[in-house]
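User: I'd like to learn how to read a structure like this one. Could you walk me through it, feature by feature?

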Amino acid sequence: MECKRIMKTKSMILVGVLIIALVAMAAPVMGSETASTTVSGSITKTVSLSALSSTTSINLGAGAGSPTAEATFTADENCVGFISAVDDYGTYNRRTVESGVRGYMSNYSTAGSDYVNTAPFTRLEKKISLLGSDNSPLSNAGIISDLSVSTPLYTFTGPGTATTTKITFTQELDHTKDLALPTNYQYQIPVILTIACS
Amino acid sequence: MRRLFHYHVLTKALLGLIAFLLLIVSPVAAMSIDATQSIPNWAFSPGPNTNPITLTLTVTTEKAPWSVTVMDEYNGGKDASYAGRLVEYNSSTETWVNNGHIVSTNMTVTGQSIEPDIAGTSATLGPEENTIETGSAAVSGQELAITLQQPITYADAYLSNGNIYRADLTFTVYQT
């Protein structure tokens with residue numbers, strides 16, 4: 001009788017263990033493993049500048065006073081740097097040092113689409129001047145009164161985008177010396193803006 | 001006789017417990033994930049920026065379904081509020097820079113899809129785990145290409161002090 005009870009109990013235990021094992025096998029197997037990686041890098045110095053108006057006209061009128069005109073541009077940058085302006089004589093090889101027109105509005109043939117380099121090199125008496133308008137993150141660096149050499153027009157000290165930034169051109173006239181030009185000729189100066197990180 | 005009975009009961013119970021533990025533990029050991037590459041010198045410029053080096057995960061699972069998540073492991077002093085974004089890091093001192101520069105946009109991580117059993121999705125990297133892969137069949141040594149996108153704008157600063165931008169990513173594979 002005692003032996004039968006022992007066998008019955010043992011059987012119950014074995015069945016119990018079997019059930020536990022089956023439940024464990026049938027249950028969802030859960031777990032996780034991880035892996036890590038590092039991403040690092042640097043932002044390259046980048047600048048971008050686009051002139052919203054490639055041509056700006058100044059109405060010189062009757063050749064007196066100091067007429068002005070405005071041009072606009074957009075600048076993007078992520079560094080410390082500057083925007084400079086200069087007479088674009090590198091593009092127009094007729095604006096030689098010898099011609100004495102660098103920094104001045106000079107005789108331009110609209111028919112020939114180039115500057116006139118035959119003596120006398122007709123130009124206005126006074127050099128054109130430029131002044132920038134503050135437009136965050138750009139700060140104007142003061143008036144440029146001589147475009148014959150590259151000169152900072154704006155500075156910037158941190159990243160940002162400046163849209164519709166104004167430049168004011170001023171051309172002082174001398175009605176006793178500035179000549180009126182014939183048809184198909186006008187006074188013109190090529191100006192190039194350059195943006196750069198310092 | 002009674003002592004013999006108790007001995008048998010204890011023996012069987014112990015064996016059952018061992019079998020149970022083996023069943024629970026062994027499947028975990030059959031699952032793995034590995035990310036051998038890192039991206040050390042990513043040159044970011046304004047724009048979307050896709051990782052220049054192929055980042056590959058190697059995944060093994062014994063069962064399906066399974067999934068892979070990604071999160072920013074912002075341990076080590078990185079401010080949790082910036083998890084998911086590249087933060088200025090000093091490589092010399094191996095520390096995150098206090099009040100350093102932080103890029104303005106979170107990184108996006110995209111898992112690879114391999115028909116018919118593996119579906120990749122895109123997730124914004126952050127402090128919480130986000131799923132980038134799900135699988136409907138067990139895999140062994142399955143390589144999965146991971147694509148990172150790090151948008152950079154002109155508002156994000158160039159670092160002139162020699163520091164770098166850094167983020168640590170943790171991938172986790174789950175099987176259920």
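Analyst: Happy to! Let's start with a strand pair: in chain A, β2(A) and β3(A) run antiparallel to each other and are joined by five bridges.

User: Which sheet do β2 and β3 of chain A belong to, and what is its strand order?

Analyst: They are part of an open sheet of four strands, ordered β2-β3-β10-β7 (chain A), with antiparallel pairing. β2 and β7 (129-132) of chain A each have a single partner strand, so each of these edge strands has one side without a neighbour in the sheet. From one strand to the next, the twist averages 25°.

User: What is the strand order of the open sheet in chain B?

Analyst: There the open sheet has five strands in the order β1-β3-β11-β7-β9 (chain B), again paired antiparallel. The edges are β1 (32-35) and β9 (122-124) of chain B; each has a single partner strand, so one side of each lacks a neighbour in the sheet. The twist in this sheet averages 25° from one strand to the next. For a pair to inspect, take β3 (residues 55-60) and β11 (residues 142-149) of chain B, which are antiparallel over five bridges. Within that pair, B:Thr56 has B:Ala145 in β11(B) as its bridge partner.

User: How do I read a hairpin, and which residue has a positive phi in the hairpin of β5(A) and β6(A)?

Analyst: Most residues other than glycine have a negative phi, and most peptide bonds are trans. In this hairpin, four residues lie between the strands, and A:Ser113 takes a positive phi near 50°, although A:Ser113 is not a glycine. The strands themselves, β5(A) and β6 (residues 114-115) of chain A, run antiparallel and are joined by two bridges; A:Ser109 has A:Asp114 in β6(A) as its bridge partner. β5 (residues 106-109) of chain A also pairs with β11 (residues 185-188) of chain A, in the antiparallel sense over four bridges.

User: You mentioned peptide bonds. Which peptide bonds are cis, with omega near 0°?

Analyst: Two to look at are in chain B. The bond from B:Ala64 to B:Pro65 is cis, with omega near 0°, and B:Pro65 lies in the loop between β3 and β4 (66-72) of chain B. The bond from B:Glu115 to B:Pro116 is also cis, with omega near 0°; B:Pro116 is in the loop between β7 (108-110) and β8 (118-120) of chain B.

User: How are pockets found, and what is the volume of the largest pocket?

Analyst: Rolling a probe the size of a water molecule over the atoms shows where empty space is left. Here the largest pocket has a volume of about 720 Å³. It is lined by 27 residues, and the closest to its centre are A:Ser54, A:Thr55, A:Thr56, A:Ile189 and A:Val191. By class, the lining has 18 nonpolar, eight polar and one charged residues. Strands supplying at least two lining residues each include β2 (47-51), β3 (68-77) and β10 (160-170) of chain A.

User: Where in chain B is the pLDDT below 50?

Analyst: Chain B averages a pLDDT of 87, and 84% of the residues score at least 70. Over residues 21-29 of chain B, however, the pLDDT is below 50. Where pLDDT is low, the predicted coordinates should not be read in detail. For the model overall, the scores are ipTM 0.82 and pTM 0.73.

Conventions
Residues are numbered from 1 along each chain as its sequence is written. Chains are lettered from A and ligands numbered from 1 in the order in which they are written. This is a predicted model: local features need pLDDT of at least 70, side-chain atom pairs count only at pLDDT 80 or more; totals for chains, interfaces and linings use all residues. Side-chain values use heavy atoms; hydrogens and water are left out. pLDDT is the predictor's confidence in each residue, from 0 to 100. Contact means heavy atoms within 4.5 Å. Two strands pair if DSSP finds at least two bridges between them. On a 1 Å grid over the protein atoms alone, a cavity is a set of points where a 1.4 Å probe fits but cannot get out, and a pocket is an open set with protein on both sides within 12 Å along at least five of seven lines; lining residues have an atom within 4 Å of a point. Grid points are joined across faces, edges and corners, and a volume is the space filled by probe spheres set on the points. Ala, Val, Leu, Ile, Met, Phe, Trp, Tyr, Cys and Pro count as nonpolar, Asp, Glu, Lys and Arg as charged, and the others, Gly among them, as polar. Axes are lines fitted to C-alpha atoms, for helices over the stretch in contact, and angles run from 0 to 180 degrees between N-to-C directions.
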